[in-house]
Every structure is written in C-alpha cells, then in structure tokens.
There are 2 protein chains.
Amino acid sequence: MSEHHHPVSAPCAGDLFGGSRLSAARRAIAEAVRSLGGAFTAEELHAAVSATHAGIGVATVYRAVAAMSAAGALAPVGSRDGSTLYALCAGGDHHHHLVCTGCGTVVGIECPVDGSLLSSAKSAGYTVTAHEVTLYGLCAACAACAAERD
Amino acid sequence: MSEHHHPVSAPCAGDLFGGSRLSAARRAIAEAVRSLGGAFTAEELHAAVSATHAGIGVATVYRAVAAMSAAGALAPVGSRDGSTLYALCAGGDHHHHLVCTGCGTVVGIECPVDGSLLSSAKSAGYTVTAHEVTLYGLCAACAACAAERD
DNA sequence: TCCTTAGTGAGAATGATTCTCAGATGCACG
DNA sequence: CGTGCATCTGAGAATCATTCTCACTAAGGA
C-alpha cells in the first residue's frame, strides 16, 4: 500500500539502512518500522512485515534491525518480557528517548549528561566513553486513560 | 579473605536480601557478591560462589539476584555478551552507575535528570515515571593500561 | 549484461533465564 | 526447645530470544 511518490524529505528505506544494499525485504521492513510508529520488538516487527509481505524470515528481520541500528536509524529503548525494544531514531544529533510504557510511542529528549557530571567522574579517576539514558512514562493519552480507570 | 570483624556499618547478608529468608546459600551468594567487587553476570557470580561453596545451583543464584534486585541491593548495569551485568548498589539514595568497561568496577554517580528535562517532557505531554542512566568508561588503572598498549 | 558479494529463508543451534517438583530448612510461635 | 509451614533449594528440563549455517538469490557497479 501507499505506493505514491513520496517527497525526498521523508526518510526513505535507504536512509534507514545507511550505505548497505537495499533489497525488497529491507524495503518492506523499513516500511513496517515506519508504520509501527513507536517502540517495537523484533517479533512485533516481523509480524507487521508479514502482514503485508509474507515470507520474510525472522532472521532477516533481526539482520535488518542490526543494520538499521548500526546505521543509527534505530536505537534500543529498553525491553519488554525479555525482548529488546527498538525505536526509530530521530535526526543525527545526540539525543535520548522517552518511551510511553502504555502505548510505546517514543519522543526524543535532550541529553542530560553535562560537563559537571563528566568532571565529577573524571575526579573519581574515570574517563567516560559512552552513556545510556532512557526515560519511561505515560503520554497524554495513556495518562488520561489511566486516570479514568481509577 | 579479610576474615576480620567487620563494623556493623558494613552491609551484611541480611541487608542485601531485604526482608526475605536468609539461608546458607544466600549467605554464600552475598559473600561472593561482595568479593567480586564490581559488575558481574549471573554466571560469574555462580562461578564465584561455587569456588567456596560447591553445590549451589544456577537457579538459586538467579533467584538470589532477583531477590537482591527487588531489595534494591543490586542493580543491572548493562550487559556483556548477551548476559545481564549486575552490580552492588550503594546506599539507599537515588543514584546511577558508572561502569569501567575494562575491569568492571562500578562507582555511583548523581542523577543528571533534572527538573528542566522533566518539565520539557511534561510540555510534550509526557509524565515521566522512571528513568535509566548508566555511564561507561575506563577507570584510572584501565585507562593507563590502554594508553600503554598504544 | 555479467560478476561479485551482500542479502535471504528455513531451520537448527546457542545460550541466558525461568520453570517444575520433590525435598530441605529457616524462623515465628508456642 | 520442639513443631508447622511457607519459603528456599538443587537438578535438570523447558522456554524463548537471538544467532548461525548453508545453499541460493538478487542488487548494483563495471
């Protein structure tokens, strides 16, 4: 579906995979990632792809997720029931993610790791090379739904 | 080793498990957690326990890790080769961890998630309920070792 | 168009973690 | 100092996410 011409500004499959080869399977997977819209597990992604393009193997989905992660288009944003959750990653600048634990929507947030934290690490003798920050919460819709349930 | 009398301020096995029952196996596991000193996987913890107290099953170690995590005495601090890394958690105040990727030593760091980040999340419609922050880097010894290797 | 090489699908393999179950043991209570 | 029973334990099977293998296909530069 949606086989119309899309504007060049919309992220197309090629962007998600960086420089790697673009196959029919990967095009379908990129489309499914966009259609999911929020955080998803590899299994959910496989199910979404299968709904429109049957016959794509689980291993291919895992490989695609790895490729998109390597390209920086996808980021792990926690886990659910033992499976890793991934989400489409916003533009190229350094940021982190806030995940709605109700519906899985994800928004980018600025990085809270500032110089003072790094220098206090430095004074403890540590050189920081990487960090991970993820916030969890409820989006407006899910918060309203939860409040109503009480 | 270090079988001297320790002051009451040192965390004893009971503290690590909160209110749950204290068995010989759990005492041995608590001792091993302390002897490891840094981040460890469940498998490494099992190996450490087995070195001094043979016959403790893997399932018991996993159960103990779950109990200590529930009691807040242990926290997950990333993963290595697909296994979760845990580390002894400092006192009861809110903090996060900085893990040396060389030797696994862990230090507590203050939480960088401040009001401004939360309020910007709020203005995006999100209510933040939890967050995860972990820094990775090299301790002084491992940094020196890495520099020397060049 | 051809060739090289990355990507693919199916299913087996791997490996961390959890579950099951019968038996052992803390520990609260008397 | 018993006793009762809920909790904990060990062994190994089971689960299940993820990765690997391998023969095959197809992208895309030359």
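Mentor: Two strands are said to pair if DSSP finds at least two bridges between them, and strands here are DSSP runs of E, at least two residues long, while helices are runs of H or I, at least four residues long, both numbered from the N terminus. In strand 3 of chain A, Leu85(A) is the bridge partner of Thr41(A). This is a predicted model, in which local features need pLDDT of at least 70 and side-chain atom pairs count only at pLDDT 80 or more, whereas totals for chains, interfaces and linings use all residues. Residues are numbered from 1 along each chain as its sequence is written, chains are lettered from A and ligands numbered from 1 in the order in which they are written, and side-chain values use heavy atoms, with hydrogens and water left out.

Trainee: Why are strand 1 and strand 2 of chain A said to stand at the edges?

Mentor: The open sheet holds three strands in the order 1-3-2 (chain A), with antiparallel pairing. Strand 1 (40–41) and strand 2 (74–80) of chain A each have a single partner strand, so one side of each is left without a neighbour in the sheet.

Trainee: What joins strand 6 of chain A to strand 6 of chain B?

Mentor: These two strands run antiparallel and are joined by 11 bridges, with Thr134(A) standing opposite Glu132(B).

Trainee: How many residues of chain A are in contact with chain B, and what area is buried?

Mentor: Contact (heavy atoms within 4.5 Å) involves 29 residues of chain A and 29 residues of chain B. The buried area (accessible area, 1.4 Å probe, lost when two parts are put together, summed over both) is about 2400 Å², of which carbon and sulfur atoms give 64%. Leu117(A), Tyr126(A) and Tyr136(A) supply 26% of what chain A buries against chain B, more than any other three residues.
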